[in-house]
Amino acid sequence: MNSVKSIVVLTGAGISAESGIKTFRADDGLWENHRVEDVATPEAFERDPWLVQKFYNERRRPLLCYQERESEVKYNPAHKALAKLEAQFDGDFLLITQNIDNLHEQGGSINIKHMHGEVLKMRCKSTNTVFDCFHDIEVADLCDCCGEPNNLRPHIVWFGEMPLYMDEIASAISSCDLFISIGTSGNVYPAAGFVQMANQAGARTLEINLEESLVASNFDQAIYGKAGEVLPAWVEEFLIGQRKK
Ligand code: OAD
């Protein structure tokens, strides 16, 4: 591979699978016991805020308190490998994740865009102010900025809502020369279309996944296996190759 000056990485649920967080579309996946329309749409939140808050409270709890004490769910070697890539790569690096967990931060990554939001944050429905959230949200909780009950929602992008940071993401992809997609099935747009944006920008594209994603044919290269096993080896090899250039 020619000398690389700018890397964009996209991650999905598969990178957190070895940490014990369920993916969305596996047989025992996250959506299996819930209809998306019941827990992950603005309409669901209007209809039954208690159910929606409960769903995200359950996603948040295993991630809590990692700074003070061991959280139930921890980063794995794939998260760590991306942090190492970012720290040692001598160029621009952006990590885009569809994941709402904080395992990339736990692993040491710094330049991260959570395009589908973050479960450890909440937002005021009236003012859009975003707060850290290290506890359950109850429907009757009073909002810190407006003082109103029923106004706090998880800082999550639901179906029908616009993903976050799209301008910065488009700009980074259109100027990168290596695009790597890890642990995502290619079911959900716009993320599934990022590989095509990268191809248009002339970047090399690499898919790392357990199996072929729905958009696998768009990548120049693929490595199939568990991210926690294949990614650290790929990062080592890449960094050695870059040092020789
Ligand atoms: P999916 O559940 O659709 O796909 C996870 C992918 O990871 C699959 O292709 C698996 O084969 C792969 N995988 C599983 N274990 C792996 C491992 N150990 N190493 C590498 N790959 C592995 O999850 P996403 O593609 O992330 O959106 O889903 C995208 C979006 O759909 C989510 O962000 C969420 C969901 O609806 C919102 O909630 C807005």
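What is the order of the three strands in the open sheet? I began my notebook with that, and here is what I looked up.

**Ground rules.** I am working with a predicted model, in which local features need pLDDT of at least 70, side-chain atom pairs count only at pLDDT 80 or more, and totals for chains, interfaces and linings use all residues. Residues are numbered from 1 along each chain as its sequence is written, and side-chain values use heavy atoms, with hydrogens and water left out.

I found the order 5-4-6, with antiparallel pairing. Strand 5 (130–132) and strand 6 (152–156) are the edge strands, each pairing on one side only. From one strand to the next, the twist averages 45°. I noted that strands here are DSSP runs of E with at least two residues, helices are runs of H or I with at least four, and both are numbered from the N terminus. Two strands pair if DSSP finds at least two bridges between them. Strand 4 (residues 117–124) and strand 6 run antiparallel and are joined by five bridges. I looked up G117 too: its bridge partner in strand 6 is I156.

**Across the sheet.** Helix 4 (residues 49–60) lies across strand 4 and strand 6, at about 55° to strand 6. For such angles, axes are lines fitted to C-alpha atoms, for helices over the stretch in contact, and the angles run from 0 to 180 degrees between N-to-C directions.

**Strand 1.** I then turned to S6, which lies in strand 1 (residues 6–11). Is S6 buried or exposed? S6 is buried, with a relative accessible area of 9%; buried means under 20%, exposed over 50% and partly exposed in between, with a 1.4 Å probe and protein chains only. Leaving aside neighbours within four places in sequence, S6 has contacts (heavy atoms within 4.5 Å) that include F89, D92 and C176.

**Rings.** Rings of Phe, Tyr and Trp (its six-membered ring) pair if their centres lie within 6.5 Å; planes under 30 degrees apart count as stacked, over 60 as edge-to-face and the rest as tilted. I count six aromatic pairs by this rule. F45 and W158 make a tilted pair, because their ring centres are 5.3 Å apart and their planes are at 45°. F45 is in helix 3 (residues 42–47) and W158 in the loop between strand 6 and helix 7 (166–174), so the pair ties together parts 113 residues apart in sequence. Both F45 and W158 are buried.
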